[in-house]
Amino acid sequence: MGSLGYSISMIASLSPTLMESRLISSMGCVSMTVTPSLSSVSVVSSSLGTTRRDRTLKLRSSMSPGMVTTLDSDVGVGSSATTKKVLVPIGYGTEEIEAVVLVDVLRRAGADVTVASVEQKLEVEGSSGTRLLADVLISKCADQVYDLVALPGGMPGAVRLRDCEILEKIMKRQAEDKRLYGAISMAPAITLLPWGLLTRKRTTGHPAFFGKLPTFWAVKTNIQISGELTTSRGPGTSFQFALSLAEQLFGETTAKSIEEFLLLRDGYQNPKNKEFNSIDWSLDHTPRVLIPVANGSEAVELVSIADVLRRAKVDVTVSSVERSLRITAFQGTKIITDKLIGEAAESSYDLIILPGGHTGSERLQKSKILKKLLREQHESGRIYGATNSSSTVLHKHGLLKEKRTTVYPSESDEPMNQQMIEGAEVVIDGNVITSLGLATVTKFSLAIVSKLFGHARARSVSEGLVHEYPRQ
């Protein structure tokens, strides 16, 4: 299968025993900064109390532009024999891509991740309308000790986090004890700054809120590590942010394995989209899109597709093929869907998209209602597609005949791949669109936006995501 042929079980088995050796010096802090393709970034040593440019190793890496990682002798140090505990707080209006990517990547790395609601209930609606179900209320976390607390952004999510007194106490204790903490997008400026947790810290954040950061300490990088604090810019840098935190907790070997499995490669700078038999997808009404999901579906994919399309003003319905609106996605993320598939089937859709996930794909394939919907979609000439392993669902229903597709590498021995376009991350053939999924799903979603509304709309959405997107 090659270097990308990691199975889910292999990645899930990665544990803290793979942690890298820490670099220790008599000065108390030695950092290693990796900048694959951009200039080096300053790292602030909290133990020295000064700003300095550490020795930078420019290593060949497939990480995305701006990806910065650090190994620090007194940051997040813990026994490699114990599980790392991570807290991800969420509130009304939290950016769902950022929250779900954090949870997904850190759980793949072996962390014990707790998703905590700062609201009065476990169910939390994200900034783009996806409803997440937290593990606990934040009050249950007040006396716990965490190796890392990571804040997603989003509005008004960042404000809801800021106004939570329990979370404020947890974060201040985290900083005082010199344990890892992080924030992405709006959270550095809106949440951490009022708490006084950016003092003498180099910090980055979402471009729309960059002006609110302390001028002298603000830097325009995708990832910024300053002592125990790591900050990042937005949904489009979520994977880089999560992988940086995973490396600080578990070491480079674990982070690199996850990076390869998630398909974070050099295609980030040069999107490998291919189109054949081009047809016009534009409509004279608001596009209606159905995203069927099941237990075991890839949360990163279903949440990202829904988020990006809703930003583009698409009417999105997330539908469960299970008996309950609640599904438990791969890596344990719990999501409340909009409708059961039976109710969703009462309407017609301009586009039906199946997110991946091996177990989820198998369950989607078994849904007779979904099979009927997909056949009707095909017979009427409307658009449909899939990411990751769910391309096999379309294949087994006979919906990919003579269609060029891409498919996740671990599925590449399937008979369907006689029409597979090697090296492509997103393939459009007439009214069918497929993708490798995982970290390439944002490109997939933006390709849909571009086909429906044009390049300008897709570029506008990508800017809000802080996602690299071609100018032409």
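**Entry 1: the cores**

I looked up the largest nonpolar core in this predicted model. That core has 74 residues. Val105, Leu106, Ile433 and Ile448 have the most contacts inside it.

**Entry 2: leucine 106**

Next I listed what leucine 106 touches, leaving out residues up to four places away in sequence. I noted Val86, Ala111, Val113 and Leu148. I also noted Ala242, Leu245, Ala246 and Leu249.

**Entry 3: lysine 334**

I found lysine 334 in strand β18, which covers residues 334–336. Is lysine 334 buried or exposed? Its relative accessible area is 15%. Buried means under 20%, so lysine 334 counts as buried.

I then checked the side chain of lysine 334 for a polar contact and found one with the side chain of aspartate 135, at 2.7 Å. Leaving aside neighbours within four places in sequence, I listed the contacts of lysine 334. They include Arg131, Leu132, Leu133, Ala134 and Asp135. Arg326, Ile327 and Thr328 are also in contact with lysine 334.

**Entry 4: arginine 375**

I placed arginine 375 in helix α11, residues 368–379. Its relative accessibility is 35%. That value lies between the 20% and 50% cut-offs, so arginine 375 counts as partly exposed.

Last, I looked up arginine 375 and leucine 394, which are 19 residues apart along the chain. How far apart are their C-alpha atoms? They are separated by 9.5 Å.

Note on methods. Residues are numbered from 1 along each chain as its sequence is written. This is a predicted model: local features need pLDDT of at least 70, side-chain atom pairs count only at pLDDT 80 or more; totals for chains, interfaces and linings use all residues. Side-chain values use heavy atoms; hydrogens and water are left out. A nonpolar core is a set of buried Ala, Val, Leu, Ile, Met, Phe, Trp, Tyr and Cys residues joined through side-chain atoms within 4.5 Å. Buried means under 20% relative accessible area, exposed over 50%, partly exposed in between (1.4 Å probe, protein chains only). Contact means heavy atoms within 4.5 Å. Helices (H or I, at least four residues) and strands (E, at least two) are DSSP runs, numbered from the N terminus. A polar contact is a pair of N or O atoms within 3.5 Å; within protein, one must be able to donate a hydrogen and the other to accept it, and residues adjacent in sequence count only if both atoms are side-chain atoms.
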